[in-house]
Each structure stands twice: as structure tokens, then as C-alpha cells.
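I am opening a notebook page on a structure that is new to me. I will write down what I looked up, in the order in which I looked.

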Amino acid sequence: AVDPSLKTIEGWLGALLAAGGPFNLQLSGGEPTVRNDLAEIIAVARSLGFSFVQLNTNGVRIAKDETYLHQLKAAGLDCVFLQFDGMSDDIYRQIRGKALLQTKQDAVEACAREQLGVVLVPTLVPGINTHHIGAILRYAMEKMPVVRAVHFQPVSYFGRYPETPSDRDRITLPEVMQQIEIQ
């Protein structure tokens with residue numbers, strides 16, 4: 001598959017504006033930082049009148065390439081919505097297939113240097129990282145004001161999951177709130 005061109009994306013943004021925008025805009029994917037022209041996309045969105053642009057990312061590129069992150073900020077990026085599943089590499093190995101804790105922390109620090117706000121986004125998977133809800137919140141508080149929020153997302157089983165999960169494989173938002181109190 002070929003990535004849509006900047007001109008195509010500009011057309012989509014124009015259609016959003018015509019439909020009632022400007023809206024807050026979140027650039028997501030797949031992984032949007034695989035695009036080398038992401039700063040140009042952000043600049044186009046800002047020039048069209050989108051007043052808030054957020055990047056939904058795994059954080060790998062922005063942790064390793066501060067020039068790229070600086071370009072995104074200079075183009076008008078407001079906030080990073082960062083995949084952040086826990087405070088141990090074991091969690092990342094189970095959920096993402098490799099040790100990523102230091103990369104995630106490096107991404108937060110890079111955003112701090114750019115004065116870009118971060119929302120931590122843990123995908124909660126029972127039996128894997130729900131015991132880290134409190135630790136994630138403590139880390140977020142330590143990293144204020146760069147970390148602005150934590151957006152807990154209970155895992156959704158679709159796509160690559162061939163079987164319907166059991167209730168023990170799920171966590172509800174009331175259960176997340178209960179774990180916040182406990183932890």
C-alpha cells in the first residue's frame with residue numbers, strides 16, 4: 001500500500017473543515033512517525049486552521065530522533081499521545097514483543113526538552129499490566145507538567161485475535177477505577 005500524498009491529506013483536512021471544523025486533530029495510524037513528511041502534514045493542518053494537533057505514537061522515533069521531534073514541534077504539534085503500557089520491560093515484551101521501557105521514558109524526556117505535553121496511553125491487559133496502574137500514575141505525577149494526563153485503554157480484542165476472549169481477559173473502566181484506588 002502506498003501512503004496518501006500530502007495533497008490527498010490536505011484534501012481530507014479541507015473536507016473535515018467543510019463538515020464543521022476546525023476540530024482538535026489527532027494524527028494516528030499505524031504509526032504516523034514512519035512518515036518523513038509528518039511535519040509538513042502538521043504545518044498544513046495548522047495553516048488550514050486546526051488549532052490543536054496531537055500525535056498518537058509508539059514513541060520509538062521521537063525517542064531516538066530529536067531533530068525529527070523538533071521539526072514536528074516547529075510545525076505546530078501540540079501534544080504527544082504516547083503508548084505507555086507499564087513500568088517494566090517484561091510488560092513491553094509481552095504486549096509489544098520487545099523491551100521498550102527506556103525508549104518510552106526517553107520519548108517523555110525528549111518531549112519535555114521540546115516543551116511538548118504528553119498523554120500516557122496504557123493499553124490494559126489483565127494478567128499482564130493491570131498491576132502497574134498505580135506505578136504508571138506515580139510516574140505521570142513525577143513527570144508533571146510534561147505529562148498532562150493518563151488515558152487508560154482496556155484492551156480490545158479484534159483483528160489478530162481469532163477467538164472471543166473470556167471475561168478474565170477483559171478489564172472494565174469501573175475495575176480500572178477500583179485498581180486506581182487499591183494501588
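Which residues of the largest nonpolar core touch the most other members? Before answering I note that this is a predicted model, in which local features need pLDDT of at least 70 and side-chain atom pairs count only at pLDDT 80 or more, while totals for chains, interfaces and linings use all residues. Residues are numbered from 1 along each chain as its sequence is written, and side-chain values use heavy atoms, with hydrogens and water left out.

**Cores.** I took a nonpolar core to be a set of buried Ala, Val, Leu, Ile, Met, Phe, Trp, Tyr and Cys residues joined through side-chain atoms within 4.5 Å, where buried means under 20% relative accessible area, with a 1.4 Å probe and protein chains only. The largest such core has 43 residues, and Leu72, Val118 and Leu120 are the ones that touch the most other members. Helix H2, residues 38-48, gives the most to this core, with six residues; helices here are DSSP runs of H or I with at least four residues, strands are runs of E with at least two, and both are numbered from the N terminus. Another core lies apart from it, with five residues that include Ile91, Ile95, Val125 and Ile128.

I then looked up Leu120 by itself, counting heavy atoms within 4.5 Å as contact. Leaving aside neighbours within four places in sequence, I found among its contacts Phe84, Tyr139 and His151.

**An aromatic pair.** Rings of Phe, Tyr and Trp (its six-membered ring) pair if their centres lie within 6.5 Å, and planes under 30 degrees apart count as stacked, over 60 as edge-to-face and the rest as tilted. I found one aromatic pair by this rule: Phe84 and Tyr139 are stacked, at 5.1 Å centre to centre with 15° between the planes. The pair links distant parts of the chain, as Phe84 is in the loop between strand E3 (79-83) and H5, Tyr139 is in helix H7 (residues 133-142), and they are 55 residues apart. Both Phe84 and Tyr139 are buried.

**Helix H5.** In this helix, residues 89-96, I listed Ile91, Tyr92 and Ile95 as buried. Helix H6 (101-113) and strand E5 (123-124) are among what covers them. Just after H5, Gly97 takes a positive phi of about 90°.

**Cysteines.** Cys79 is buried at 2% relative accessibility, and Cys111 is buried at 1%.

Conventions. Buried < 20%, exposed > 50% of the residue type's maximum accessible area, 1.4 Å probe, protein only.
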